[in-house]
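These notes are meant to be read beside the coordinates.

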Amino acid sequence: MEIAVHIPLSEAQKHRLSAGAPGTTFRYLARDEPSDAPVVFGNPTPAAIAANPRLRWLQLGSVGFGEYLPLDWRRPQG
C-alpha cells in the first residue's frame, strides 16, 4: 500500500509510522505537492486532491473540510 503524508513529521514519528505499518510505502509531501497515492493523510490543498486520480481515502488532519467541498467527488472511479 502507498500512503501520501501531508503533515510535517519528525524522523522519530516517521519511524514509528513505518514500524506500525510494515510493507507500506509512505511519501512525505508538502501541502501543495500532488500525489497519486490512493490513501492521503494530512491537509493537502484542494488542487493537490483534485489532481489525484487514484484517491480512495482522505484522512484529514483537522476537522475543517470546507475548502474541499467544491471538488468533484463524483468523478468516475477507475
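1. The radius of gyration is taken here over C-alpha atoms, and the globule rule is 2.2 Å times the number of residues to the power 0.38. For the 78 residues of this chain the rule puts a compact globule near 12 Å, and the 13 Å of the chain agrees with that. Along the principal axes, the C-alpha atoms fill a box of roughly 35 × 25 × 20 Å.

2. On provenance, this is a predicted model, in which local features need pLDDT of at least 70 and side-chain atom pairs count only at pLDDT 80 or more, while totals for chains, interfaces and linings use all residues. Residues are numbered from 1 along each chain as its sequence is written, and side-chain values use heavy atoms, with hydrogens and water left out.

3. The chain contains two helices and four strands, where helices (H or I, at least four residues) and strands (E, at least two) are DSSP runs numbered from the N terminus. Their order along the sequence is β-α-β-β-α-β. Of the 78 residues, 29% count as buried, with buried meaning under 20% relative accessible area, exposed over 50% and partly exposed in between (1.4 Å probe, protein chains only).

4. The model holds two aromatic pairs; rings of Phe, Tyr and Trp (its six-membered ring) pair if their centres lie within 6.5 Å, and planes under 30 degrees apart count as stacked, over 60 as edge-to-face and the rest as tilted. F26 and Y28 form a stacked pair, with 6.4 Å from centre to centre and 20 degrees between the planes. F26 counts as buried because its relative accessibility is 12%, whereas Y28, at 28%, counts as partly exposed. The other pair, F41 with W57, is edge-to-face, at 6.2 Å centre to centre and 75 degrees between the planes. This pair links distant parts of the chain, as F41 belongs to strand β3 (residues 39-42) and W57 to strand β4 (residues 57-60), 16 residues apart. W57 has 46% relative accessibility and therefore counts as partly exposed.

5. What sits over the ring of Y28? It is the charged end of K14, 4.7 Å from the ring centre, where the criterion asks that NZ of Lys or CZ of Arg be within 6 Å of the ring centre and within 35 degrees of the ring normal.

6. A search of the whole structure finds one cavity of 30 Å³ or more, a cavity being a set of points on a 1 Å grid over the protein atoms alone where a 1.4 Å probe fits but cannot get out. The space in the largest cavity is about 30 Å³, a volume being the space filled by probe spheres set on the points, which are joined across faces, edges and corners. Its lining (residues with an atom within 4 Å of a point) consists of H6, E33, P34, S35, V40, P44, A48, I49 and N52. These divide into five nonpolar, three polar and one charged, with Ala, Val, Leu, Ile, Met, Phe, Trp, Tyr, Cys and Pro taken as nonpolar, Asp, Glu, Lys and Arg as charged, and the others, Gly among them, as polar.

Definitions and conventions
1 Å grid on protein atoms, 1.4 Å probe; cavity = no way out; pocket = protein on both sides within 12 Å on 5 of 7 lines; lining within 4 Å.
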